Amino acid sequence: MPAPAVEIRDLVMRYRERTAVDGLDLDVEAGSVTAILGPNGAGKTTTIETCEGFRAVQEGTVRVLGRDPRDPELRPRIGVMLQSGGAWSGSRADEMLRHIAALHAHPLDVDALIERLGLGSCGRTPYRRLSGGQQQRLSLAMAIVGRPELLFLDEPTAGLDPQARRAAWDLIDELRDHGVTTVLTTHFMDEAEQLSDTIHIIDSGRVIASGTPDELTRESARGTLRITAEPGLDVVSLMHALGYETKAEERTDGSYIVSGDIDPALLSAVTAWCADQDVLVESILVEQQTLEDRFLDLTGRSLR
């Protein structure tokens with residue numbers, strides 16, 4: 001197996017009395033898109049900034065492309081998109097992008113990248129006068145123009161309209177096809193599901209769940225079966241037929257919810273019970289738990 005592009009072992013990072021990262025272990029497979037999710041204050045930004053070399057490791061080990069994150073030789077091999085933008089406030093958009101490109105040996109075609117990300121109309125505009133979405137697109141362009149092997153994206157589509165968001169997704173997919181490893185943080189669960197090969201959910205400075213999007217949504221063995229039939233069915237009898245771990249209730253007249261471990265055997269049991277009761281089902285719909293449901297189950301629903 002190839003070595004991970006990022007390897008973190010027992011990482012501990014503190015701010016005075018507060019422990020932001022508490023013994024975190026995490027691997028990022030080379031050539032993959034990996035999302036790091038977590039509520040505010042979970043330790044995501046500190047972890048990413050440590051991998052980017054902006055913070056020195058306090059305890060534990062971090063290896064990025066096989067090197068110490070602060071090794072200067074890593075700089076041309078890594079692209080970083082910061083939440084704060086990273087551009088000089090008075091620089092024009094195209095001027096800033098061309099400057100970043102000139103720092104690399106084999107940059108992407110700047111004009112093509114400007115066209116791809118819709119920056120042509122604002123190329124002569126100072127960074128501070130760009131809209132939030134334009135600043136985001138410029139920051140993404142600055143991160144990838146040097147042809148990095150490893151890309152760190154912090155909230156890459158925050159503030160983007162739907163068209164720009166899809167364009168950013170397509171670009172990240174293409175980079176993966178060309179072997180680029182991408183690590184992203186995002187609060188958009190649909191973005192993580194759409195883009196990621198692997199998702200790590202962290203809270204209180206530790207990884208609390210990892211897996212593919214499908215694995216994470218199926219891991220909790222939860223789901224919902226929505227049934228439409230005649231009102232007044234005996235839901236107690238239905239629950240007895242399905243087992244004690246399954247709950248059934250009539251939410252509104254003729255609309256029933258069955259929740260539990262929704263699998264083919266349970267679906268078959270529901271239809272058999274309906275046949276025994278001479279009940280004609282009008283509709284039946286299986287709903288699986290979403291990544292957002294799983295995220296909230298793991299990290300809680302209270303505000304941080």
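The largest cavity is lined by Ile227, Ala229, Leu233, Val235, Leu238, Tyr256, Val270, Trp273, Cys274, Val279 and Val281. On a 1 Å grid over the protein atoms alone, a cavity is a set of points where a 1.4 Å probe fits but cannot get out, and lining residues have an atom within 4 Å of a point. Helices (H or I, at least four residues) and strands (E, at least two) are DSSP runs, numbered from the N terminus. The model is predicted: local features need pLDDT of at least 70, side-chain atom pairs count only at pLDDT 80 or more, and totals for chains, interfaces and linings use all residues. Residues are numbered from 1 along each chain as its sequence is written, and side-chain values use heavy atoms, with hydrogens and water left out.

**The whole chain**

- The protein chain has 10 helices and 13 strands.
- Its C-alpha atoms fill a box of roughly 75 × 45 × 40 Å, taken along the principal axes.
- Of the 304 residues in the protein chain, 45% are buried. Buried means under 20% relative accessible area, exposed over 50%, and partly exposed in between (1.4 Å probe, protein chains only).
- Among contacts in the protein chain with a separation of 6 or more, 66% join residues 24 or more positions apart. Contact means heavy atoms within 4.5 Å.

**Cavities**

- Rolling a probe the size of a water molecule over the atoms shows where empty space is left.
- The whole structure holds two cavities of 30 Å³ or more. Grid points are joined across faces, edges and corners, and a volume is the space filled by probe spheres set on the points.
- The largest cavity has a volume of about 60 Å³.
- Helix α9 gives the largest share of the lining of the largest cavity, three residues.
- That lining has 11 nonpolar, no polar and no charged residues. Ala, Val, Leu, Ile, Met, Phe, Trp, Tyr, Cys and Pro count as nonpolar, Asp, Glu, Lys and Arg as charged, and the others, Gly among them, as polar.
- The second largest cavity has a volume of about 40 Å³.
- Its lining consists of Val6, Ile8, Leu26, Val28, Ile36, Thr47, Ile48, Cys51, Phe152 and Val183.
- At least two lining residues of the second largest cavity come from each of β1 (6-15), β2 (18-28) and α1 (44-51). The most, three residues, come from α1.
- By class, the second largest cavity is lined by nine nonpolar, one polar and no charged residues.

**The largest pocket**

- A pocket is an open set of grid points with protein on both sides within 12 Å along at least five of seven lines.
- The largest pocket has a volume of about 620 Å³.
- It has 26 lining residues, and Phe54, Arg75, Ile78, Gly79 and Val80 lie nearest its centre.
- Both β5 (78-81) and α4 (132-144) supply at least two residues of the lining of the largest pocket. The largest share is four residues, from β5.
- This lining counts 14 nonpolar, seven polar and five charged residues.

- Thr182 belongs to strand β7 (residues 181-185). It is buried, as its relative accessible area is 0%.
- Leaving aside neighbours within four places in sequence, Thr182 contacts Ser32, Val33, Thr34, Leu151, Leu153 and Ile172.
- Leu153 is in strand β6 (residues 150-154). It counts as buried because its relative accessible area is 2%.
- Not counting residues up to four places away in sequence, Leu153 touches Met81, Leu140, Ile172, Thr182, Val183, Leu184 and Thr185.
- Leu153 and Ala143 are 10 residues apart along the chain, and 8.2 Å separates their C-alpha atoms.

**A helix residue**

- Asp293 lies in helix α10 (residues 291-299).
- Asp293 is partly exposed, with a relative accessible area of 27%.
- Asp293 and Met189 are 104 residues apart along the chain, with C-alpha atoms separated by 9.7 Å.

**Rings**

- Arg165 lies over the face of Phe188, at 4.8 Å from the ring centre. A charge sits over a ring if NZ of Lys or CZ of Arg is within 6 Å of the ring centre and within 35 degrees of the ring normal.
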